[in-house]
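Please look over the structure shown here.

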Amino acid sequence: MTPREIAVEPADPFRWLEEISSPEALDWAAVRTAETEARFAGGDRDRLEARLKEILDDPDRLIVPSRHGDLMYDFRRDAENPRGLWRRTTRAAFAAGAPEWEVLLDVDALGHAEGTAWTFAGATHGPAGSGRALVRLSPDGGDAAVVREFDLDAVRFVDHDAFRLNAHKHRLAWLDDDTLLVATALEGGDVTDSGYPLTARAWRRGTPLADAPPIIEGVASDVGVFVAVDRTEGRVTPIVVVAHDFHASEQYVWRGGEPQLIAAPQDAVVDVHGDLVAVRTTTPWRVDGVTHPAGTLLVGPLETLTTGDGTDLRVAYAPTDVAVLESWAWTRTRLVLTVLESVQSRILSVDLETGSAVELDLALSADDLFTASVATLDAEEDDEIWIVARGFLTPPTLLVTDAASPAVRLVGHGPTAFDATGLVASQHWATSADGTRVPYFQIGPRSRSGASPVLMSGYGGFEHALTPEYPAIVGPAWLEKGRILVVANIRGGGEFGPAWHLAALRENRHRAYEDFAAVARDLVARGVSTPDRIACHGRSNGGLLVGNMLTQYPDDFGAIVCGVPLLDMRRYTRLSAGASWIAEYGDPDDPADWEFLRTFSPYHLIEPGRAYPPSLIYAAASDDRVGPVQARKMAARLADETDAAVHYLEPVEGGHAGTIDSAATAALHATIHAFLDATVARGD
């Protein structure tokens with residue numbers, strides 16, 4: 001048997017649910033959804049739905065715009081415009097707190113006119129002065145979107161000689177006013193096993209895309225080919241990326257002719273800025289006789305990695321045991337670093353000439369735990385940066401500053417979504433099965449007695465860190481009632497840099513689940529709660545996490561909420577974009593990998609006759625990233641083979657987000673909390 005062959009799979013009585021749009025599968029999902037909605041309808045749930053929708057549509061909620069030159073762009077949904085308005089104002093008016101918004105596109109009106117309920121999926125602005133943008137519109141909230149060229153001066157779509165593409169998972173960037181760098185499967189392109197583009201091409205206005213020869217071409221087993229263009233001080237640098245897997249890629253500079261490889265490790269994160277390049281190491285990298293540890297940021301001339309030997313790179317940031325680089329951004333003359341120190345944010349501004357750094361004074365309260373991130377900037381213009389800060393008990397706040405100055409100015413803050421009186425946010429540490437200390441945040445009453453209902457959340461994958469966020473939904477639905485929210489910073493995430501992520505990769509995935517269970521048990525040991533009063537909620541990879549809590553640790557939880565999840569690790573690579581995550585989880589078509597994959601495949605860990613806590617599983621029929629079928633099969637098998645109470649929801653629209661507008665979001669979360677009220681918070 002070759003490594004890519006697999007033994008005959010056992011019969012799966014629910015394989016028919018993998019036909020996403022078959023009438024039988026859709027009918028099954030519709031019946032289960034109606035049953036769940038009827039089960040939790042009424043009184044408190046409906047009042048919560050109305051309140052959540054009011055919060056989500058609040059006209060005073062914080063506006064976080066995107067800067068392009070002297071203009072600020074924003075996409076806004078509200079009660080009157082559920083699909084949203086794309087609009088703009090001047091930077092000066094916005095900074096002064098008196099924006100006068102010009103509507104560019106009314107997505108609701110467009111949908112009504114064209115008979116398609118469009119979802120705005122973003123816009124890619126053309127070169128400065130071009131007056132053009134590429135607008136992306138999804139027909140169902142999924143990742144696949146159509147592309148239409150928009151005239152920002154005339155405020156309308158371009159009719160003649162326009163760039164347009166039908167729905168697919170495109171990647172596009174402007175080379176100049178009349179040329180796009182395009183990665184798409186349409187017009188002569190092809191797709192990888194993961195469903196992403198296989199080639200990149202330069203598309204000239206007025207010519208057929210199919211006539212554009214490939215710049216570079218991947219292979220079917222690659223995740224995909226992607227494109228970008230850097231514009232810095234008049235220098236245009238086209239970039240083509242071949243992602244071999246989710247964590248390994250090669251980046252090329254293309255200026256016509258043969259692309260030039262940027263000679264960095266394939267697992268590093270590479271970022272081009274004019275004639276400079278930044279490389280964040282994922283594993284140790286030896287350069288010029290020096291070994292740089294994982295998580296180091298190196299900066300130097302781009303040519304040192306395209307034509308040289310890398311010896312001109314210098315260290316811009318070196319991690320410590322508790323402080324790691326989360327992200328970075330370039331302004332005109334500075335490099336802005338967002339650092340996580342014990343899973344809380346600091347922002348540093350580095351002078352590109354001298355290497356000296358200043359820390360921005362965000363003037364945040366000592367009574368909360370915070371996250372801060374760069375929201376927008378325009379590196380072609382100046383060193384101005386706009387920052388969003390938020391805490392578990394503090395609504396989002398928008399700040400602006402010159403990156404060379406530590407002082408910041410308050411621009412605005414969001415409204416309070418819930419009464420936080422008497423609540424406190426704190427950080428605690430649990431000890432996992434292998435002795436590793438795992439941090440978690442606890443938000444709840446300062447004073448409490450007895451076992452409290454707890455809602456845990458976690459992710460633990462893809463180096464994604466869970467940092468403090470303002471709980472605009474969980475706050476009014478849960479915290480305001482004196483209950484406790486816990487956010488677990490388990491391995492697999494990025495809370496302590498790439499090593500924290502790599503510690504739970506593939507055959508070590510069990511460490512993420514042991515970490516999460518250890519946090520639940522620590523809550524019990526500290527007297528915060530009891531297992532029957534602890535629920536957990538996870539989405540996507542977090543859905544896989546809580547699916548494993550359901551099947552491997554059923555005695556530690558009183559309820560499970562599992563959203564848009566991976567659950568069938570035997571079949572996941574054959575479903576939607578699943579093949580793109582083989583580097584994270586393993587390849588079930590390799591018998592050696594299946595031996596460890598089967599140990600965290602919740603669908604295969606269900607034991608007939610075993611007692612499981614109640615579960616609410618939800619997905620969306622339009623999800624073209626994970627897809628709804630693993631959620632369907634899990635719910636069907638639990639209902640058929642066990643006595644567990646399992647509830648299922650599957651809206652048609654929403655994509656991987658699970659919901660498509662404020663009304664759908666409010667409805668979903670109202671049902672989730674009605675389920676929690678009926679399980680871990682019963683009688684509370």
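What follows is a short report on selected local features of a predicted model.

## The sheet

Strands of a sheet pair through backbone hydrogen bonds, either parallel or antiparallel.

Strand 14 pairs with strand 15 (residues 235-245) over 9 bridges, in the antiparallel sense. Within this pair, Val-225 has Val-242 in strand 15 as its bridge partner. The two strands form a hairpin with 2 residues between them. In its turn, Glu-233 has a positive phi of about 50°.

## Strand 16 and its partners

Strand 16 spans residues 248-253. A hairpin through 2 residues joins strand 15 to strand 16. These strands are antiparallel, with 6 bridges between them. Ile-239 stands opposite Val-253 of strand 16.

Strand 16 also runs antiparallel to strand 17, with 2 bridges joining them. Tyr-252 has Leu-261 in strand 17 as its bridge partner.

## Glu-250

Glu-250 lies in strand 16. Which residues does Glu-250 contact, leaving aside its neighbours within four places in sequence? They are Val-240, Val-241, Val-242, His-244, Leu-261 and Gln-266. The C-alpha atoms of Glu-250 and Ala-264 are 8.1 Å apart, with the two residues 14 apart along the chain.

The side chain of Glu-250 makes a polar contact of 2.8 Å with the side chain of His-244. Another polar contact, of 3.4 Å, links the side chains of Glu-250 and Tyr-252. Tyr-252 is also the bridge partner of Leu-261, and Leu-261 is among the contacts of Glu-250.

## Helix 8 against helix 9

Two packed helices are described by the angle between their axes and the distance between the axes. Helix 8 covers residues 510-525 and helix 9 covers residues 541-552. Their axes come within 10 Å and cross at roughly 70°. Helix 8 is therefore roughly perpendicular to helix 9. The crossing is right-handed.

Which residues meet at this contact? Helix 8 brings Ala-512, Tyr-513, Phe-516 and Ala-517. Helix 9 brings Leu-544, Leu-545, Asn-548, Met-549 and Gln-552. The residues of the contact divide into 7 nonpolar and 2 polar, with no charged residue.

Technical notes
Residues are numbered from 1 along each chain as its sequence is written. This is a predicted model: local features need pLDDT of at least 70, side-chain atom pairs count only at pLDDT 80 or more; totals for chains, interfaces and linings use all residues. Side-chain values use heavy atoms; hydrogens and water are left out. Axes are lines fitted to C-alpha atoms, for helices over the stretch in contact, and angles run from 0 to 180 degrees between N-to-C directions. Helices (H or I, at least four residues) and strands (E, at least two) are DSSP runs, numbered from the N terminus. Angles under 35 degrees count as roughly parallel, over 145 as roughly antiparallel, 65 to 115 as roughly perpendicular and the rest as oblique. A crossing is left-handed if the near helix is turned anticlockwise from the far one by less than a right angle, and right-handed if clockwise. Contact means heavy atoms within 4.5 Å. Ala, Val, Leu, Ile, Met, Phe, Trp, Tyr, Cys and Pro count as nonpolar, Asp, Glu, Lys and Arg as charged, and the others, Gly among them, as polar. A polar contact is a pair of N or O atoms within 3.5 Å; within protein, one must be able to donate a hydrogen and the other to accept it, and residues adjacent in sequence count only if both atoms are side-chain atoms. Two strands pair if DSSP finds at least two bridges between them.
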